[in-house]
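The report below describes some local features of one protein model, taking charged groups over rings, ring pairs, disulfides and a sheet in turn. Please look at the sequence and the structure before reading on.

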Amino acid sequence: MIVTMMMTDHMLDLPPPLNNEVPMMHHLINGDASQQVILVQVNPGETFTIRTEDGALQCIQGPAEVPMMSLNGSIPPIHVPPGYVSQVLEDNTGVRRVVVMPHSECYPPSYSTALSPSHHIHPPYLTHPHFIPASHTSYYPPVSPGDVPPHQFYHHRLPPIYPEEIIPLYNVSTFMGHEEYCKPPPKKLKQPVERTGISQATSPLSTSYKSTTACTSTANGYGKSHTSPGGGGGGGSSPGNKRPDRRARGSPKHTDIEPQDPDVDIRRVQAAPSGMDKPQVSKVQSRSALVSWTSAFSSGVSGQGWHGDGAPHTCNYELQLTDKGRDGKYKAVYSGEEQQYTLTDLRPATDYHVRVNTVCNSVKGPSSDVRAFTTHSAPPDTPLPPRLSHRSKSSLTLQWKPPADNGSKITNYILEWDEGKKNSIFREYYVGHQRHCKVMRLCPAVGYTFRVAALNDIGTSGFSTEVVFYTTGSLPQTSLPPRLVLAGPSWVTLEWTRPNSCSIEEVVTYILEMQDETKGMEFQAMYSGLELNRKVEPLRRNTLYRFRLITCSGEWRSAPSSLLMCKTTPDRPGPPLNPAVNTVTYYSFCVMWEPPQDDGGSGELTYVLEISEGNIEAERKWATLYRGPERKHLCNDLKPATCYSIRVSCVTVGGQSQCSEDLTVCTLSPPPGRCQPPRNVGNVKHKELNLQWDGPLNGEESEGVVFSLEMCAMEEGSEPVEVYHGSKTECTVGSLLPGTTYRFQVRAANKTGYGPYSESVKISTAAGPPGQCSPPDINVTSHTCAVVTWENEKSSGIDISEYQLDWGHDLDSLELVYCGTEAYFQISNLEASTDYCCRLQAVNQAGAGPYSELVTCRTPAAAPDVVSSFLLLDHPPNPEDRESFSPSTCLALSWDEPCCNGAEITSYSICMGESTITIGNITCYIIRDLLPDSEYSLQIRAENEMGPGPFSQTLTVSTRPMPPSPPRLECVAVGPQSLKLRWGFSSRSAITDDTAYILQMEDRNQRFVAVYRGPSHTFKLQRLSESSRYSFRIQAVSEAGEGPFSATYTFSTTKSLPPTLKSPRVVPLEGNACEVTWESIPPMKGDRISYVLQVLGGRESEYKQVYKGEDTSFQLFGLQWNTDYRMRVFACRRCADTLQELCGSFSPSAHFTPRRSDTTLAVEPDVTRVPMGNTLSDEQFASLIVFGVASLSVLMAFLLQLLI
């Protein structure tokens, strides 16, 4: 960077700026006093950063020339990046330049260029907040290999601080776009800013840093003022002197400048990122796309940076989108800390451009490069409903507008209708590309519902909104009012008659409207249809309603009829709620109930209480016990111990309600008498007793009587315990001790209370079975055998007859394996490494005793079992192995995993003749590098940590023969739109009659697609593009399998020749001249077309070229009178890429003979003016040559086919 300074007090004549230079600000260099203009020359690859009046940073990227101004004639200090220093040079013309050069030219020899100070800041300038040392940010290039300690800084002697300072910062980042520093400046405000002079700061670092300083800065250092606490002035101006502020063009003026924290400004500068990588766009759909980007910080932490004091701050990313092209107006669609965002609500088949930038502490970084993408096509939008353009009694003509096609042309429209049935079932009426349709054979005065949808290559749009159109018909007369047929509490039935003026074939629709005064005075439509009667519901009971009728025919309707006023009837009330009984005695009880929820809409309620003796529904005889308005009644003179059923209903003007639910009430009975003592029934058991007794009513059943049986042991101090409470007269008492005597007594009870106890009786239990056995011992002798032993149990009086041993895997699978008197048992045929359990039970004449505790054991592990299902596969089971698998040299084997017998299988051994292959714990394997068409015998066995298992049965397999090799592919004929390919025999493999070939061509997605499959050796591809490259590969297939693909062959089509022009047209001019015109040919794929005109005159034997150019007409002068001339023309295509000229065929010749007469001679084609003779014309000679060449080509093709 070079800073050029010159003294001036007038307008400078500077050269115009370059394309990317900052324009010269002429209004800044026309001042009152002596001014000095500094021209900052920014070299390519450098960035010049200045601070504007509002504190923002503006980056100017080189090459550029920036004009700046110094008001006091001094050179402002330049803040240079690490590793550089500034020197002041003065030439002969008095122009001074500040040259920034590497530090190696002025640093002591002890410092190398690689170990330059990371932050070279001059100590006198540390008082200004812009010179506070900054951390590594994107405003400085990185220092390698590291920072130098502060005590090694080289302090260059610099001049003192000037009132005007410029602070250029360097940035070598390549991510800053041109638009960031070439943006137009903000609009200039009209109010000037006052500033005061400052005193020159000459204090040391410690004093300057602690002093209180207020600064106000403008762009490029203009108008910057420092006010010290003492109020001293500097630069030749007093503290009270005010002068207008000089600013850069477009810089804003501030009337009130708020003080800013210098540390915050420096940290904002340091945290601003240098730029962003171009965002990436993926998962592009028709209406959405995923945009992702990388972090702008070298630390790799997304969205975070660091302040100068070490505190973290948060940076956001701003994603901008436009659909108006790369230079269109961008709109921010996302702002946050995430590094990806999904764009939604996009338009299909639309080009979009996105870019991203960062915003750190209100400092907006430069935008990234623009990334363009295009959304996919989609089905069309839902079209608007069709419109009616014409109608009659039997037809409707509809039209509709095309919707947006979303990137794919609309091919068809689908029109559906409901056939006038109003059942929401639509059928197709028309499918085609027209946007109008005439629906025929309709009924008059009938409404039909239509909807339309659009179809393109992507799919079908949704159907439009349904619309109803009516055919024309006659207008009915004024309708007669409806008539009341029947009225109910919530409904009325009305009927009406058909107008006499309507014909039988005419469809008449009736609209019944009702007025409800509680909802307003407007009439509401209650029915619309073809019926002559209607039941209107639901209505409110005992309410007056008004009805009127409207008759419609087609889209015409009659005037409303006169009003019909009718009133609904009152409804009968609901049943009384919650009937309940209290104060029940032997002869009476009190009944209460609640009023019904619905009183029927009429007056007072009268309650009816009915009673019936007994609770059998078929035998009930209801009698009215009470009738009146009260909701409580006392029922007297009842029978004791008798059940009664009661129910309640209510009566109003609307009728009698339903009865409430039946309530059963029983009067109390006296306490029962003494029961008979209990007795044992059946055989005496050792743990339970079956007891039975007689009730107090001498065997007669009594409802509501329960019994309480108590038991007491014979030991002293034992308390009686209730063992039964219920209505039955027998029970079973369990959990008793064998051979023990118990005392029992019973009493009866009802709702009144308990009766007296019966006499107590003593009953003894019988002797019991043996007690619980001790847990047996298990001794596992091998993985298939175990011995179980136990001790003989002592019996209490009765000898043990046998022992029963249960064995199994768990408690649910236990089975009886031994029954006898021995105290041991051996169990065989066990499974290796399996858990087993057993239990023991003793049995005597009294029964079987309880089981012992469950004992478990585990058999040891063993070698694996034999491998089963060892077989050969046609293809490897893993898809990734199929490409390298060849049936001629590989065998794909599969087997089932055998039982591991408690130890995990570690490997398998495959025996193939004398060799053995050891593999891991897998169930499939591919043996490679075998001989083709060979037979092998294979065996396999599994191994674990216990040893190898037995070999499986021998599997005899064979490899297939080698598949054929791919033939050599060559192109035998090339055309503009066709390629004829041929391939020969392969010399490395035998070709049989059943060998087929698969020819594949690479498509636009770089995928190979088969274009031919068959036994032929030639194939011609048609409909290709001219001058295009196509890639092919071929594969041979036989019974041995599919051979490998050949190498990729690339062939190119030729360019098309211009078409043959029609015969030129000759128009005679005055004298012996004529004008020849011919048709024009548009450019062929960007290649220009020129034309060549040839003339054959008189007795000349060859045509001569008289014109070549791009015009389609040419004038010939100086022709001979009464001489025959023939003109022909052909087109030439000049290839822009190869500069080759391709010429088409000659047009038919035109004949012209100039005459001396004034009459214009007719111009006829040469075929009509060919003189009769023995000589051949040009056309006949050309036809003969073409016929000869064609015959020779056919003969050569036939001979080549025989040779192949």
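The charged end of Arg 1033 sits over the ring of Phe 1045, at 3.9 Å from the ring centre, where sitting over a ring requires NZ of Lys or CZ of Arg within 6 Å of the ring centre and within 35 degrees of the ring normal. Arg 1128 is likewise placed over the face of Phe 1146, 3.7 Å from the centre of that ring.

This is a predicted model, in which local features need pLDDT of at least 70 and side-chain atom pairs count only at pLDDT 80 or more, while totals for chains, interfaces and linings use all residues. Residues are numbered from 1 along each chain as its sequence is written, and side-chain values use heavy atoms, with hydrogens and water left out.

**Aromatic pairs**

The structure holds 31 aromatic pairs; rings of Phe, Tyr and Trp (its six-membered ring) pair if their centres lie within 6.5 Å, and planes under 30 degrees apart count as stacked, over 60 as edge-to-face and the rest as tilted. One of these pairs is formed by Trp 400 and Tyr 430, which are tilted, with 6.4 Å from centre to centre and 50° between the planes. Trp 400 lies in the loop between S22 and strand S23 (410–417), whereas Tyr 430 belongs to strand S24 (residues 427–432), 30 residues apart; here strands are DSSP runs (E, at least two residues) numbered from the N terminus. Trp 400 is buried, at a relative accessible area of 3%, and Tyr 430 is also buried, at 18%, given that buried means under 20% relative accessible area, exposed over 50% and partly exposed in between (1.4 Å probe, protein chains only).

Trp 417 and Phe 450 form a stacked pair, 6.3 Å centre to centre with 15° between the planes. Because Trp 417 lies in strand S23 and Phe 450 in strand S26 (residues 447–456), this pair ties together parts that are 33 residues apart in sequence. Trp 417 is buried at 12%, and Phe 450 is buried at 0%. Ring pairs join Trp 417 and Phe 450 with Tyr 429, Tyr 448 and Phe 469 in a cluster.

**Disulfides**

There are two disulfides in the structure, a disulfide being a pair of cysteine sulfur atoms within 2.5 Å.

| Disulfide | Sulfur distance | S-S torsion |
|---|---|---|
| Cys 315 and Cys 360 | 1.9 Å | about 130° |
| Cys 643 and Cys 666 | 2.3 Å | about 85° |

With a torsion of about 130°, the disulfide of Cys 315 and Cys 360 is right-handed, and it links Cys 315 in strand S15 (residues 312–322) to Cys 360 in strand S18 (residues 351–360), 45 residues apart. Cys 315 is buried at 1% relative accessibility, as is Cys 360 at 0%. The disulfide of Cys 643 and Cys 666 is right-handed too, and Cys 643 is buried at 17%, whereas Cys 666 is partly exposed at 25%.

**A three-stranded sheet**

An open sheet of three strands runs in the order S21-S22-S25, with antiparallel pairing, and two strands pair if DSSP finds at least two bridges between them. Strand S21 (387–391) and strand S25 (436–439) stand at the edges with a single partner strand each, so one side of each is left without a neighbour in the sheet. Strand S22 (residues 396–399) pairs with S25 over four bridges, and Leu 398 stands opposite Cys 437 in S25.
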